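Please look through the chain below with its local geometry in mind.

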Amino acid sequence: MIASEISFRRFRRLRRTEGMRRLVRETRLSVDELIYPLFITFGGGVHNEVPSMPGVFQLSIDQLPFEIEELRRLGIGSVLLFGLPETKDELASGAYDEHGIVQEAIRAIKAIDRELVVITDVCNCEYTSHGHCGILNGEEVDNDPTLDLLARTAVSHAAAGADIVAPSDMMDGRVAAMRHALDTAGFAQTPILSYAAKYASGFYGPFRDAADSTPAFGDRRSHQMDPANKREAYLEIQADLDEGADAIMVKPALAYLDVIAGARERFDVPIAAYNVSGEYAMVKAAALNGWIDEQRVVMESMTAIKRAGADLIITYHAKDVARWLQAESGVTAQSVGPA
Ligand code: PBG
């Protein structure tokens, strides 16, 4: 037999049993690092499933007690809020209205569970009549006047009780503008998680149904990043950190694992990865067709995002992941506990 005469390394020794595989596993998932996005809409009694995102719902504020209770049971400790306002206008007034949809949702959540970490997405696209991320000058989003709106929005979220504000607009200078406005308004303790490396991605399609934020014309390529660029992502991240960001994000996640990995090597702040709507929709569609094993594929994807270097994962799969982690630790506890 040839194997007895040659020399090679036996990697399979440590892979033989689940116990050994658990022991030498390099990457572990925890419910602590999951952030669950919520779409809050106006009206009452609304619990609308988003057609392109099975299992994801637009919720009115009166539905929040049930939602928060479910998250608590699952051990999910953070949410990311998006709002669907009743009316939209050219100046995105609903974004920074003291009684806007997100501001009211923050107060409602904090009244139910003070401990839940409430992160708010700060952007204008859900609030403008044209669906663009800021004030238009012709067909272009005008950077500098838009900064004022973003800063006002961030302050109004902080005033309503948001724990973290997360700018997703990709205007230049937004982190500096928000930091200044927050500090001036007495919110020096409110952290900024910036969507620093956010790409102009086709993977946001289903989100725009969920958040009703499809631009009426054109796209977002004049401010979101070109998918072909990686070095530029590090410049964006460095700029946001210089402007005062406390944590940064790479978005989308799975098609940009190299960017996450590169950011991990370069920056020592918490890195979030956004496993976006299109990534979710693809997995759900294939799973519902019976073409893939949903649990395996989702857990493998989450592990990959962490292995690449992300600390936090924003994902619509969060509830399922939490359930599977609970089931796994239940099995583990049983199998190692007394018979
Ligand atoms: C902007 C925003 C978007 C997403 C998060 N914040 C949409 C966009 O940039 O067009 C996308 C999230 C997803 O696809 O899950 N408010």
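Where is the place of V102? V102 lies in helix 3, which spans residues 101-112; helices (H or I, at least four residues) and strands (E, at least two) are DSSP runs numbered from the N terminus.

This is a predicted model, in which local features need pLDDT of at least 70 and side-chain atom pairs count only at pLDDT 80 or more, while totals for chains, interfaces and linings use all residues. Residues are numbered from 1 along each chain as its sequence is written, and side-chain values use heavy atoms, with hydrogens and water left out.

**Surroundings of V102**

V102 is buried, with a relative accessible area of 1%, where buried means under 20% relative accessible area, exposed over 50% and partly exposed in between, for a 1.4 Å probe and protein chains only. Leaving aside residues up to four places away in sequence, V102 touches L81, F82, G83, T120, Y127 and H157, contact being taken as heavy atoms within 4.5 Å. One of these residues, T120, is 18 residues apart from V102 in sequence, and the two C-alpha atoms are 7.8 Å apart in space.

**Helix 5 and its packing**

Helix 5 covers residues 174-184, and its buried residues are R174, V175, M178, R179, A181 and L182. What covers these buried residues includes strand 5 (117-122), helix 4 (143-160), strand 8 (164-167), strand 9 (193-198) and helix 7 (231-243). After helix 5 comes G186, whose phi is positive, near 90°.

Two packed helices are described by the angle between their axes and the distance between the axes. Here the axes are lines fitted to C-alpha atoms, for helices over the stretch in contact, and angles run from 0 to 180 degrees between N-to-C directions. The table sets out two pairs.

| Helix pair | Angle | Axis distance |
|---|---|---|
| Helix 4 and helix 5 | about 45° | 8 Å |
| Helix 9 and helix 10 | about 160° | 10 Å |

The angle of about 45° between helix 4 and helix 5 makes helix 4 oblique to helix 5; angles under 35 degrees count as roughly parallel, over 145 as roughly antiparallel, 65 to 115 as roughly perpendicular and the rest as oblique. The crossing of helix 4 and helix 5 is right-handed, a crossing being left-handed if the near helix is turned anticlockwise from the far one by less than a right angle, and right-handed if clockwise. On the helix 4 side, L147, L150, A151, A154, V155 and A158 meet R174, A177, M178, A181 and L182 of helix 5. By class, the residues of this contact divide into ten nonpolar, no polar and one charged, with Ala, Val, Leu, Ile, Met, Phe, Trp, Tyr, Cys and Pro counted as nonpolar, Asp, Glu, Lys and Arg as charged, and the others, Gly among them, as polar.

Helix 9 (residues 277-288) and helix 10 (residues 294-308) are roughly antiparallel to each other, and their crossing is right-handed. In this pair, V283, K284 and A287 of helix 9 meet E294, V297 and V298 of helix 10, a contact that has four nonpolar, no polar and two charged residues.

**Loops and backbone angles**

A92 sits in the loop between strand 4 (78-84) and helix 3, and its phi is near 55°, a positive value in a residue other than glycine. At 0% relative accessibility, A92 counts as buried. D212, in the loop between helix 6 and helix 7, also is not a glycine and has a positive phi of about 50°, but D212 is partly exposed, with a relative accessible area of 45%.

P252 is placed in the loop between strand 10 (247-251) and helix 8 (257-266), and a cis peptide bond with omega of about -10° joins K251 and P252. S201, found in the loop between strand 9 and helix 6 (205-210), touches Q224 and P252 when residues up to four places away in sequence are not counted. S201 counts as buried at 10% relative accessibility.

**Cysteines**

A disulfide is a pair of cysteine sulfur atoms within 2.5 Å, and by this rule the count comes to zero disulfides. C123 is in no disulfide, the nearest cysteine sulfur being that of C125, 3.8 Å away. C123 is buried, with a relative accessible area of 3%, and C125 is buried, with a relative accessible area of 6%.
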